Amino acid sequence: MNTRPLSVFQRVMLDYGPDFTGQWFTMNTVLRLSAPLDPDVLAAALTKLVARHEILRTRVTEDAQVVSPPGPPVFEVCQDVADRLHAPVPPDSGPLVIRLVRGELLTVHLHHLVADPSTVWATCRELAALYSAELGGAAPPAPAAQYGDYAAAEDRLRQTTEAGDRAWWENAMAQEFAAVRPDGTGPPYAERATLLSKAELDAVHRFARTHRTTPATTLFAALACAMRPHTGPGPLAFTTVFSLRDRPEWRRMLGPCLLTAYVPLPAPPPRLTPEYAVEVRDVLRDCRRHCRFPTPEVRAFLKPPDAVPFYEYVPDDWPEPYAFGPVIGQVVAAAGPKDTRARTTLAIRSRSTAEGTLTAHLSSDSCGWTRDRVRSLWPVVAEQVGAGSTIDPER
């Protein structure tokens with residue numbers, strides 16, 4: 001075994017505690033197969049895949065990434081499973097679980113401490129190429145980098161920028177942020193829901209194109225405006241996740257190139273304006289620039305250091321079909337953790353789908369951000385960007 005340094009993302013997840021490191025803290029996808037795969041060929045391809053990538057043999061401890069020697073991965077041939085989209089990935093059994101279900105589906109499950117969405121797609125792409133190579137096709141090129149190299153380079157860069165990052169965050173967080181009104185309580189909850197229809201999400205994209213922002217920026221800004229009646233007119237603090245693959249050798253590398261960050265938004269207007277969307281765009285740009293500074297230290301700058309909502313938007317980036325030799329595998333579903341049980345305030349993990357809707361995993365302790373209050377935000381978001389939505393409390 002050898003060791004590699006922890007990445008900033010891994011350190012933050014460990015700091016958050018066991019809810020963010022357990023066996024259900026996973027990244028998942030399901031591929032529908034045009035014909036059955038040969039289990040023996042698939043097992044051989046999987047063994048080679050794991051041998052090529054340290055991160056697929058890595059156990060994350062409190063102090064380091066511990067890389068095991070190459071060995072057989074967890075591969076299951078199943079007649080059926082109750083939950084095809086999610087599977088437990090025990091941290092001590094290897095971070096990758098592959099299931100071949102009734103010869104019709106291939107499910108891929110990676111622990112989130114070693115994977116982000118790009119890692120899931122790269123794993124599927126390379127597994128398909130290695131399967132094809134077992135049948136006589138060309139072998140894929142060797143990996144351009146290992147995740148341990150990324151973590152070491154990230155640590156060097158973090159130390160170089162630490163003083164400037166600290167000064168920026170201390171100034172950015174030195175304000176009184178608004179909090180949700182405490183006039184509503186309910187039981188904690190976690191659910192998956194459709195937040196915006198295709199027409200409503202199309203309106204988000206139109207607003208972004210018209211006003212030189214991005215869909216993520218527009219959603220952040222519109223959500224802040226929708227929250228204003230529940231928080232008052234002050235500035236709002238969120239947390240989010242940025243993807244940073246800013247070197248060519250990291251773009252197809254396996255491993256979580258993610259960084260969590262606070263987002264100190266200026267006070268939202270009563271209605272979304274282009275000017276406010278641009279302000280939010282600039283704040284997100286600056287947060288991304290400084291997000292290698294440790295999140296726990298940024299949290300200490302909050303006055304008071306209270307919990308804040310989490311919002312993440314992942315665009316529809318589902319890949320083209322993968323060729324496993326003559327068999328075609330098409331992604332039909334993807335999801336993050338089954339339930340991180342984030343019970344401190346409110347977490348919205350949204351993504352656009354192949355059908356063009358916006359769906360999300362929502363969880364909250366329901367102290368202020370009750371289920372009904374959160375559901376009421378999204379018709380307002382749609383109306384803010386000009387979609388003309390009608391409030392539907394059942395959506």
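**Close-up views of a predicted model**

**View 1. Pairing of strands E12 and E13.** In this predicted model, strand E12 and strand E13 (residues 327–335) run antiparallel and are joined by three bridges. Within this pair, Tyr-322 stands opposite Gly-329 of E13.

**View 2. The six-stranded sheet.** An open sheet is built from six strands, arranged in the order E5-E6-E7-E2-E13-E12, with mixed pairing. Its edges are formed by strand E5 (74–78) and strand E12 (322–324), each of which pairs on one side only. Direction ignored, neighbouring strands of the sheet are turned by 25° against each other on average.

**View 3. Helices H2 and H3 on the sheet.** Helix H2 (residues 39–52) packs on the sheet, where it touches E5, strand E6 (96–101) and strand E7 (105–111). The direction of H2 makes about 165° with that of E6. Helix H3 (residues 117–134) also packs on the sheet, with contacts to strand E2 (26–33), E6, E7, E12 and E13. The direction of H3 makes about 30° with that of E12.

View 4. Asp-365 counts as buried because its relative accessibility is 14%, and buried means under 20%. The side chain of Asp-365 reaches the backbone nitrogen of Cys-367 at 3.0 Å.

Definitions and conventions. Residues numbered from 1 in each chain as written. Predicted model: local features only at pLDDT ≥ 70, side-chain atom pairs only at ≥ 80, totals over all residues. Heavy atoms only, no water. Pairing = 2+ DSSP bridges. Helix = DSSP H or I, 4+ residues; strand = E, 2+ residues; numbered from the N terminus. Axes fitted to C-alpha atoms, helices over the stretch in contact; angles between N-to-C directions. Contact = heavy atoms within 4.5 Å. Buried < 20%, exposed > 50% of the residue type's maximum accessible area, 1.4 Å probe, protein only. Polar contact = N/O pair within 3.5 Å; in protein donor to acceptor, adjacent residues only side chain to side chain.
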